[in-house]
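Hi,

Here is the structure I promised to pass on to you. My notes on it follow just below.

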Amino acid sequence: MGFKLIFALALLATAAFAEKARFDNYRLYRIRVESVAQLEVLQAVQELNEGYNFWSEPAQVDGDVDLVVPPHKFAEFEELVERFGLKAKLNVEDLQKLFDAEQRRPTKEAFGWNAYYRLGEIYAWMDGLLAQYPNVLSPINVGNSFEGRPIRGIKVSYKSGNPGVFMEGTIHAREWVSGATVTWVLNELLTSTNSQVRNIAENYDWYFFPVTNPDGYEFTHTNNRMWRKTRQPHGILCTGADPNRNWAYNFMQGGASNNPCSDTFAGPEPFSEPETRLLADYFSSVESTISTYLSFHSFSQLLLLPYGHTTAPLDNYHEIMEIGTKAIAKLAERYGTQYQIGNIAEAIYIATGGSIDWIKGVYQTPIVYTYELRDLGQHGFVLPPEQIIPNSEETLDSIIVILEEGEARGLHRR
């Protein structure tokens, strides 16, 4: 009887995802954590995992928490606000309207950056580039995801002997602007006539991976826009691991969960997810020429350095802080977008098992950053399509500085 009950629950869980989830009247709040008691109550709410969706972690006093509240929790949430004196700012009153607007497309427009695209459309665009630039571009396929989707990339190389730049996009499925930024930068390297862009395009080899979590990314389009993880089952009722907690460096040393249903579930062991294992294996095969690794996430407007397990300034922290500080100053020039900088643990919270920590810790790659792209919580993971190009332009401005500063300091491997 027990097995039958569990099996029936599993079927119900599968059926629940058979059609696309809607989030009508779901609200997005930003909460300022002002005391230990407030932090503890938000952590308890997260641990209970009963309807709320945390878009940022309740990790520290004097930090902000972005929380999605479903309609059936409105009264309960208002009671929590009143009881614990929470300062909660309503940023979005109806999340579904934001999702609907995000998915509207200009009519009869080819692939571009005024809309977000499905995985197959991104790969078709990449195929078009490969046909158009056969002497510059090479296809990369590191293998297949758990559900059998290829994890594809493109190498850009104008000449031999260049140092390498690795561009990792959309490891967290719901962060759509990540992959859009990576594809925009790729397109600019091929088409821009700007002298600084031409310099970095032609004097570095580039490895672009717009979508490193293809199963999760497709799931956000077909079933649940708020999905974060991979799609490999873990246990009977839970699916997916957080692919940015699944890397084999300080695995499960803080900021990750051992609960398979949690959004930050690290997986049963390092590299349990084929997506992370395959990407790591491919990086290992080319790492001797890679001088720069850039991982793109959203949101919060942060430029993050390794590591996530300690605030200590390890390795070449001070040099990378200097470069990054110049980069975010340049980023701000175009549209006034303000970023903060620090290592993961000092800038946000303890979070271990991430890709950039593995890249830095295992291979000592000289220049390693994570971008947390726009915005500061006004739209969260649902950055309006009209912001894709401005976001990407300012990001490329900062990448140019990172590479030029790295060159001036002799950090690029050849």
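A disulfide (a pair of cysteine sulfur atoms within 2.5 Å) links Cys-238 and Cys-261, with an S to S distance of 1.8 Å. The structure holds 1 disulfide, and with -65 degrees about its S-S bond this link is left-handed. Cys-238 sits in strand β10 (residues 238-239) and Cys-261 in the loop between β10 and α9 (274-286), so the bond ties together parts 23 residues apart in sequence. Helices (H or I, at least four residues) and strands (E, at least two) are DSSP runs, numbered from the N terminus.

Cys-238 is buried, at a relative accessible area of 11%, while Cys-261 is partly exposed at 35%. Buried means under 20% relative accessible area, exposed over 50%, and partly exposed in between (1.4 Å probe, protein chains only).

A word on the source: this is a predicted model, where local features need pLDDT of at least 70 and side-chain atom pairs count only at pLDDT 80 or more, while totals for chains, interfaces and linings use all residues. Residues are numbered from 1 along each chain as its sequence is written, and side-chain values use heavy atoms, with hydrogens and water left out.

There is also a helix pair for you: the axes of α10 (residues 317-335) and α13 (residues 388-408) come within 8 Å and cross at roughly 150 degrees. Axes are lines fitted to C-alpha atoms, for helices over the stretch in contact, with angles running from 0 to 180 degrees between N-to-C directions.

Best wishes
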